[in-house]
Amino acid sequence: MGEIPRVASDSFDQVVRQREAQVLRTAYRILYNWADAEDVAQEAFLRLHRHGVGFANEAALGAWLYRVTVNLCLDRRRSARPTQELPELRDGTASAESAAIREQQKQELMAALATLPPRERAAVVLREIEGLSTAEVAGIMGSAEVTVRTQVAKALTRLRSILTRKMR
């Protein structure tokens with residue numbers, strides 16, 4: 001009766017396989033908690049399933065997923081108590097010493113990111129880490145491009161300040 005046609009299911013499964021890492025990575029970089037990131041990813045894909053996968057193109061689908069993911073993360077950050085869990089980042093480098101240094105730098109960067117207000121953090125994650133354009137970030141976050149540029153600039157200034165203090 002209410003069965004989803006096989007083509008739609010196959011298409012949805014393909015989208016999940018293609019976009020799961022992107023959604024999880026984005027959610028984790030905003031929330032700093034794998035369990036929360038997995039919950040957000042699951043909810044984002046549930047919403048995608050309800051919405052359908054009939055997007056005009058891959059860019060529209062990607063923007064929609066980013067927007068839903070960021071909004072779910074911001075909602076979760078507003079409703080949950082803050083957590084200080086830091087990411088477990090792995091690097092496959094040959095030199096143990098350089099790996100340790102790189103790991104320490106990543107931990108310091110992630111700790112500094114955690115101090116940013118959620119919307120600034122989301123803007124930086126999408127623009128500077130995920131590599132999206134300012135226009136794409138603005139569309140995802142429902143903001144004007146000038147707002148995104150301002151959020152990113154403020155966030156980068158704060159990050160530089162925090163990281164510079166740590167190096168002294």
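So, Gly131: just after H5, this residue takes a positive phi of about 80°. Before I go on, this is a predicted model, where local features need pLDDT of at least 70, side-chain atom pairs count only at pLDDT 80 or more, and totals for chains, interfaces and linings use all residues. Residues are numbered from 1 along each chain as its sequence is written, and side-chain values use heavy atoms, with hydrogens and water left out.

Now the overall layout. We have seven helices and zero strands, where helices (H or I, at least four residues) and strands (E, at least two) are DSSP runs numbered from the N terminus. Read from the N terminus, the order is α-α-α-α-α-α-α. The chain has 168 residues, and 37% of them count as buried; buried is under 20% relative accessible area, exposed is over 50%, and partly exposed is in between, with a 1.4 Å probe and protein chains only. Of the contacts (heavy atoms within 4.5 Å) with a separation of 6 or more, 64% are between residues 24 or more positions apart.

Back to H5, residues 118–129. Which residues of this helix are buried? They are Glu120, Arg121, Ala122, Ala123, Val124, Val125 and Leu126.

How do H5 and H6 cross? Their axes come within 10 Å and cross at roughly 140°; the axes are lines fitted to C-alpha atoms, for helices over the stretch in contact, and angles run from 0 to 180 degrees between N-to-C directions. That makes H5 oblique to H6, since under 35 degrees is roughly parallel, over 145 roughly antiparallel, 65 to 115 roughly perpendicular, and the rest oblique. H5 contributes Arg119, Ala122, Ala123, Leu126 and Arg127 to the contact, and H6 contributes Thr134, Val137, Ile140 and Met141.

Let's stay with Thr134, which lies in H6, residues 134–141. Is Thr134 buried or exposed? Buried, because its relative accessible area is 15%. Its side chain makes a polar contact of 3.2 Å with the side chain of Arg127. By polar contact I mean a pair of N or O atoms within 3.5 Å; within protein, one must be able to donate a hydrogen and the other to accept it, and residues adjacent in sequence count only if both atoms are side-chain atoms. Leaving aside neighbours within four places in sequence, Thr134 is in contact with Arg127, Glu145, Val148 and Arg149.

Over to helix H3, residues 58–79, where we find Gly62. Gly62 is buried, because its relative accessible area is 5%. Not counting residues up to four places away in sequence, Gly62 touches Arg19 and Gln22.

Next, the loop between helix H1 (6–31) and helix H2 (34–51), which is where Tyr32 sits. Tyr32 has a positive phi near 60°, and this is a residue other than glycine. Tyr32 counts as buried because its relative accessible area is 1%.

Last stop, the aromatics. Rings of Phe, Tyr and Trp (its six-membered ring) pair if their centres lie within 6.5 Å; planes under 30 degrees apart are stacked, over 60 edge-to-face, and the rest tilted. That rule gives one aromatic pair. Tyr28 and Trp34 form it, stacked, at 4.0 Å centre to centre and 10° between the planes. Tyr28 is buried at 3% relative accessible area, whereas Trp34 is partly exposed at 34%.
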